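Subject: Structure handover

Hello,

Here is the structure you are taking over, with notes on what was found in it below. Please read the notes with the model open.

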Amino acid sequence: MIPPNHPRYRSLLERERLVEGFREGYVVPQGLIAQGRGECFDYLLGEETQQFALEAITAAAAALLLAKHPVISVNGNVAALTPREVVELSEAVPALIEVNLFYRSREREDKIAEVLKRHGAKSVLGVGDDASCTIPELFSERRRVSCEGIYKADVVLVPLEDGDRTQALRRLGKTVIAIDLNPLSRTAQAASITIVDNITRAMPRLVDAVRRMKNASREELENVLKNYDNKRVLASALLHISKRIEELAKNIRES
Ligand code: ATP
Ligand code: MG
């Protein structure tokens, strides 16, 4: 039992969810390590959704609502951390859901689809023979995608993506929305829209934003995207970390 007054309470609960996914066989050990790398950046960011993330979330909602063929890509960590929000988002947009794994196995695909279905997903792409199209230039199993899903998509939400794949999707001309706590990762730098935040805080906010903006006109949504600058957002995230560290250092010196 984790005491609720523990300063890292939320973070420890998230770890528990990943460990459970690991025990159930759909989170890989590398996924546990990836979470740890993310946690470190969350520490530096202050473990709260910041203004630059809200700005990216608004742009992401606009891109998803404007898309002709939006797809949400799900891996083991996403299934463990925000399965309900994936389904809610897919219904709110509406968007397709596709399982896409770096370490692909039929067993993991099935288990992730099962988790999503348990949370209300009606259909999940990218399982078994459905993942029969390939993304050129990629050598991991992640190049295998559903011909009806990511292959055809114009906008792909890739919470917790790897850098190579983000770059490959961009080269195919797709709009890529990433959620990544590390503003310096290749994923964060290569995405069209980068939400620098923890997936567990960003996903519910993205669902809210889509619901809120659902009745906006195309022109309004296009204006949101026109005024959005991902480089400025990434720079704001880095400046936030830098200012925060300076303040913390000052506080320690003066205490
Ligand atoms: P890249 O491949 O993009 O260059 P990387 O190789 O440094 O990145 P990976 O190991 O591919 O990183 O993925 C781990 C990254 O995923 C972490 O650095 C972190 O930023 C991100 N991440 C992990 N857990 C979360 C989370 N819960 N919410 C948001 N981002 C997360
Ligand atoms: Mg990587």
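Gly-46, which follows helix 2, has a positive phi near 105°. Helices here are DSSP runs of H or I with at least four residues, strands are runs of E with at least two, and both are numbered from the N terminus.

Before going further, two notes on conventions. This is a predicted model, in which local features need pLDDT of at least 70 and side-chain atom pairs count only at pLDDT 80 or more, while totals for chains, interfaces and linings use all residues. Residues are numbered from 1 along each chain as its sequence is written, chains are lettered from A and ligands numbered from 1 in the order in which they are written, and side-chain values use heavy atoms, with hydrogens and water left out.

Helix 2 and what follows it

The 17 residues of helix 2 should span 24 Å at 1.5 Å a residue, and the end C-alpha atoms are 25 Å apart, which agrees. The expected span is 1.5 Å times one less than the number of residues in the helix. Buried residues in helix 2 are Gly-31, Gln-35, Gly-38, Glu-39, Phe-41, Asp-42 and Leu-45. Buried means under 20% relative accessible area, exposed means over 50%, and partly exposed is in between (1.4 Å probe, protein chains only). The cover over these buried residues includes helix 1 (9-24), helix 3 (51-66), helix 4 (76-81), helix 9 (199-213) and helix 11 (230-254).

Gln-35, in helix 2 (residues 29-45), counts as buried because its relative accessibility is 12%. Not counting residues up to four places away in sequence, Gln-35 touches Glu-14, Leu-18, Asn-77 and Leu-81. Contact means heavy atoms within 4.5 Å.

Glu-47 lies in the loop between helix 2 and helix 3. Glu-47 is not a glycine, yet its phi is positive, about 55°. With a relative accessible area of 28%, Glu-47 is partly exposed.

Helix 3

Helix 3 is mostly covered, with twelve of its 16 residues buried. Among them are Phe-52, Ile-57, Ala-63 and Leu-66. At 1.5 Å a residue, the 16 residues of helix 3 should span 22 Å, and the end C-alpha atoms are 23 Å apart, which agrees.

Ala-63 belongs to helix 3 and is buried, at 5% relative accessibility. Leaving aside neighbours within four places in sequence, Ala-63 is in contact with Val-155, Ile-177, Ile-193 and Leu-225. Ala-63 and Lys-152 are 89 residues apart in sequence, and their C-alpha atoms are 16 Å apart in space.

The disulfide

How many disulfides does the rule give? The count comes to one, where a disulfide is a pair of cysteine sulfur atoms within 2.5 Å. The pair is Cys-133 and Cys-147, with sulfur atoms 2.2 Å apart. Cys-133 lies in strand 3 (residues 133-134) and Cys-147 in the loop between strand 4 (144-145) and strand 5 (155-159), so the link ties together parts that are 14 residues apart in sequence. The link is right-handed, with 110° about the S-S bond. Cys-133 is buried at 14% relative accessibility, whereas Cys-147 is partly exposed at 24%.

Other local features

The charged end of Arg-8 sits over the ring of Tyr-43, 3.9 Å from the ring centre. The rule here is that NZ of Lys or CZ of Arg is within 6 Å of the ring centre and within 35 degrees of the ring normal.

Ser-192 is in the loop between helix 8 (186-190) and strand 7 (193-195), and counts as buried because its relative accessibility is 18%. The side chain of Ser-192 makes a polar contact with the side chain of Arg-170 (3.3 Å). A polar contact is a pair of N or O atoms within 3.5 Å; within protein, one must be able to donate a hydrogen and the other to accept it, and residues adjacent in sequence count only if both atoms are side-chain atoms. Beyond four places in sequence, the contacts of Ser-192 include Lys-174, Val-176 and Tyr-228.

Two backbone details remain to be listed. The peptide bond from Val-93 to Pro-94 is cis, with omega near -10°, and Pro-94 is in the loop between helix 5 (83-92) and strand 2 (96-99). Leu-160, in the loop between strand 5 and helix 7 (163-171), has a positive phi near 60° although it is not a glycine.

Regards
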